[in-house]
Structures are given as C-alpha cells and as structure tokens.
Amino acid sequence: MKSAEYMDKSVKMDDYISMFSPSDVVYSDEMVDILKHITRVMGLRMSLLDLSYREIAPLDKLLPCDFCRIIQNDLNLYDSCVRNDRTYCRRAMEDQSVVHYHCHAGLREAVFPLFIEKECIGFFLIGQFRTGEDLPHDILFKAPSPVRESLIRAHKKLPEYNGEKLESIIEILKITTDYILEHHYLSLRKSLLGDKIFEYMHRNRGLSLTMKDLEEIFHRSASTINQALKLKTGKSFKPLQLTLKIDYAAELLCSAPELSIREIAQRAGMEDPLYFSRIFKTYKAVSPSRYRKERGRKYKL
C-alpha cells in the first residue's frame, strides 16, 4: 500500500543540489565558443556551474576584476560573495527564470538557470557590471582609507550597463541560453536519468509506485521514463517493478523466517498472497515456501 509517510516524493533542495556532478553534464565546443565570444565582446565574466556550484566548462579563465579582488581579499568578504551567488542560483532555480540582482557589494549580476525537460542541471552566472549607482555605504565604511580609494577607482573601471542597454544584454543572454539548450550544445548523459529512476524504484520497491508517481517526481513523460529504464535495465517500468518486488520478496523469504508468506507479500507491495505466490513461481520457478526451504538453508550456512 502506498503511504506518504514512506514515499520520498518531495526532494529536499539540498538533495536536489547534489543530484548531478560535472561528469553528468555534456557540453560541446560550439557552446564554449559562443560563451567565450560573448564574454569578450561585453566585457563580462561568465561561469557555467553545475548544481553544486562547480565549474563545468573551461570558459575564459578571467581573473576577478580589481573591485572583486579588493572586496574578497582586502576586505575578507569572499565567503559573502559565495553565499550571495548561491542564494540567487537557488532563487533562479525555484523561480525557473532569469534573476538579475545587486550583489552584496553593489554590483549587478545575473543567473540563468539551465533546464532540460523541466529539470535544472546548472546555471550560467554573469557578472560583474555596474548600473551607475554609488557604492553601498556599509562597504565603504568597512574599507580603510587607502583601500577605500582603490575600491572607488576599481568600481569606476567596471563596465556600466543600465536602462534599455541592460534589458537588451539580459535578453541577448536569454536567447543565447535557449539556443544552446535547443541545439543540445549542453545536455545530460543519456544513462543518467535511468540511473536515478532505477535507484528510486529500488529504494521504494516495497511500495505500490505508479508511472504517474515517477512522472511527478522526475518531471518526465511516461515514454521518456520507459526509454531511460530500458537503456539502464532492458526493461520498461511495469516488468522492472515486478522484478524488483519479486527479488525483494526472495530476500525476505531467506532473511526473515519469522514472516509469513502473506506478510512478505504485503511488504513487497502485493496485497493478494495468492497472486503473489503465482507471480513468484513464474519468476523463480518454485513456490515461495519451496524457495524459502531450499534457499533459506543456504542462507543460514
């Protein structure tokens, strides 16, 4: 019987963030070239991050601008910069849209969440530029006099975008992001989805999962899920689910001799013990009781 108490259909944000690694994401040379040209023309820094905020692609390794170097090193605010980036990456993923914002030091940045089939796989992080505003008073207050003067000079050297120009830059980057994804210049390894779904089904093999459950959890269509599972296991959802249940029941028959056949059937997600016995014999060529008698002896040894 399916129970909300046992099903982990709601994925916590921290679990979701650790779902992918850089090796899971595939990018093309065309994508790298496009982004390099954009950063050179606009004078911006661009990072391509995975969900754990690690660099994915070898974009131009521009050093932090003088302003950011002073903020991070001379004022010891590097950790604040990292927290700021992560906060807005999370917001962009939750809102499923571009977020452009003032960082804690007063600069403007933008985060473009990267979604493939409704699933976020990473971020384009764009920065740093100014929009004409003065530096935040708290930043100036923290800087000793010589550092303050260097900070003001470095701030004035940054590219300035505001008004219509800023809107146009954001739109260009959004169009570029859509183009990269539509042309599959950035994608996930084909086997990854199958791995994740199989792991979930195995972990919940005692529950009566449905295809609709998986569609809601993984935000994919039934056909995509079946294709991913076939690539991983050679089986589509229903036969794979039954195989997992029978294998689970077989383990319980050997490891839990105190459980009756009915109880084992229920733990494997089958309420009808007669149906369970018939299906079990189809898969294992012997009845559950016979299997326990023959295999249980070996298990004890």
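Predicted model: local features only at pLDDT ≥ 70, side-chain atom pairs only at ≥ 80, totals over all residues.
**Entry 1: two helices meeting**

I began where M211, L214 and E215 in helix 9 meet A222, I225 and N226 in helix 10, taking contact as heavy atoms within 4.5 Å. By class, I noted four nonpolar, one polar and one charged residues in this contact. For the classes, Ala, Val, Leu, Ile, Met, Phe, Trp, Tyr, Cys and Pro count as nonpolar, Asp, Glu, Lys and Arg as charged, and the others, Gly among them, as polar.

Residues are numbered from 1 along each chain as its sequence is written, and side-chain values use heavy atoms, with hydrogens and water left out.

At what angle do helix 9 and helix 10 pack? I found about 90 degrees for helix 9 (residues 211–218) and helix 10 (residues 222–233), with the axes 10 Å apart. Helix 9 and helix 10 are therefore roughly perpendicular to each other, a label for angles of 65 to 115 degrees (under 35 is roughly parallel, over 145 roughly antiparallel, the rest oblique). The axes are lines fitted to C-alpha atoms, for helices over the stretch in contact, and angles run from 0 to 180 degrees between N-to-C directions.

Next I looked up the open sheet, where four strands are paired antiparallel in the order 2-5-4-3. Strand 2 (45–49) and strand 3 (99–102) stand at the edges with a single partner strand each, so one side of each has no neighbour in the sheet. Neighbouring strands here are turned by 20 degrees against each other on average, direction ignored.

How many bridges join strand 2 to strand 5? I found five, with strand 5 covering residues 119–129; two strands pair if DSSP finds at least two bridges between them. S47 stands opposite L125 in strand 5. Helix 7 (residues 163–182) packs on the sheet, touching strand 2, strand 3, strand 4 (108–116) and strand 5.

**Entry 2: one residue, then the whole**

Is T243 buried or exposed? I found T243 in helix 11 (residues 237–255), and at 14% relative accessibility T243 counts as buried. Buried means under 20% relative accessible area, exposed over 50%, partly exposed in between (1.4 Å probe, protein chains only). Leaving out residues up to four places away in sequence, T243 touches K235 and Y283.

For the whole protein, I noted 14 helices and six strands. These are DSSP runs numbered from the N terminus: helices are H or I, at least four residues, and strands E, at least two. Buried residues make up 47% of the 301 residues.
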